[in-house]
Amino acid sequence: MFAEGVTRWKAGSVYADCPDINEESFGIKLGNLVGNDVEIIAKHKADDTYPVVSAASIIAKVTRDRMMDDIREEFGVNVGSGYPSDHYTMDFIRGWIEKNGTAPPHVRTSWEPVRDMLSKKKITKLDDW
């Protein structure tokens with residue numbers, strides 16, 4: 001996703017708030033994806049150091065909040081913040097899976113708690129028969 005975002009516009013350098021444990025490795029991987037003519041600065045907590053990353057972080061947060069408002073409106077219920085640490089979000093997902101057998105739209109099925117819920121839903125017990 002970083003590379004996709006970076007290649008949309010021509011840039012001489014890219015500042016990335018590194019999501020990988022290894023900043024150098026991430027920078028190399030990203031550089032290989034976007035081309036070696038782009039300087040990659042990949043740092044943990046880059047939003048604390050580089051104003052451009054701070055600004056991008058604010059824009060991303062506002063955009064995410066608006067998207068969550070749209071999702072709440074789409075379902076007509078409290079879906080919480082959208083984070084797995086939010087019990088409203090997890091209650092919504094759990095209820096949806098119980099009712100529909102699949103994860104709701106917009107939910108990351110790669111989240112461990114969601115994978116666990118989906119796995120438990122597939123398990124049948126003797127008294128289910």
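How many aromatic pairs does a search of the whole structure find? The search finds 5 such pairs, where rings of Phe, Tyr and Trp (its six-membered ring) pair if their centres lie within 6.5 Å, and planes under 30 degrees apart count as stacked, over 60 as edge-to-face and the rest as tilted. The model is predicted, so that local features need pLDDT of at least 70 and side-chain atom pairs count only at pLDDT 80 or more, whereas totals for chains, interfaces and linings use all residues. Residues are numbered from 1 along each chain as its sequence is written, and side-chain values use heavy atoms, with hydrogens and water left out.

**View 1. The tilted ring pair of Y15 and Y50.** The ring centres of Y15 and Y50 are 4.8 Å apart and their planes stand at 50 degrees, so the pair is tilted. This pair links distant parts of the chain, with Y15 in strand β1 (residues 13-17) and Y50, 35 residues apart from it, in the loop between α3 and α4 (51-75); helices (H or I, at least four residues) and strands (E, at least two) are DSSP runs, numbered from the N terminus. Y15 has a relative accessible area of 37% and is partly exposed, as is Y50 with 22% (buried means under 20%, exposed over 50% and partly exposed in between, with a 1.4 Å probe and protein chains only).

View 2. T89 is buried, with a relative accessible area of 4%. Not counting residues up to four places away in sequence, T89 touches V79, G80, S81, G82 and Y83, contact meaning heavy atoms within 4.5 Å.

**View 3. Positive phi at K45 and H106.** Most residues other than glycine have a negative phi. Phi of K45, however, is near 55 degrees, and this residue lies in the loop between β2 (39-43) and α3 (46-49), where K45 is exposed at 57% relative accessible area. Phi of H106 is near 80 degrees; H106 is placed in the loop between α5 (87-100) and α6 (112-122) and counts as exposed at 53% relative accessibility.
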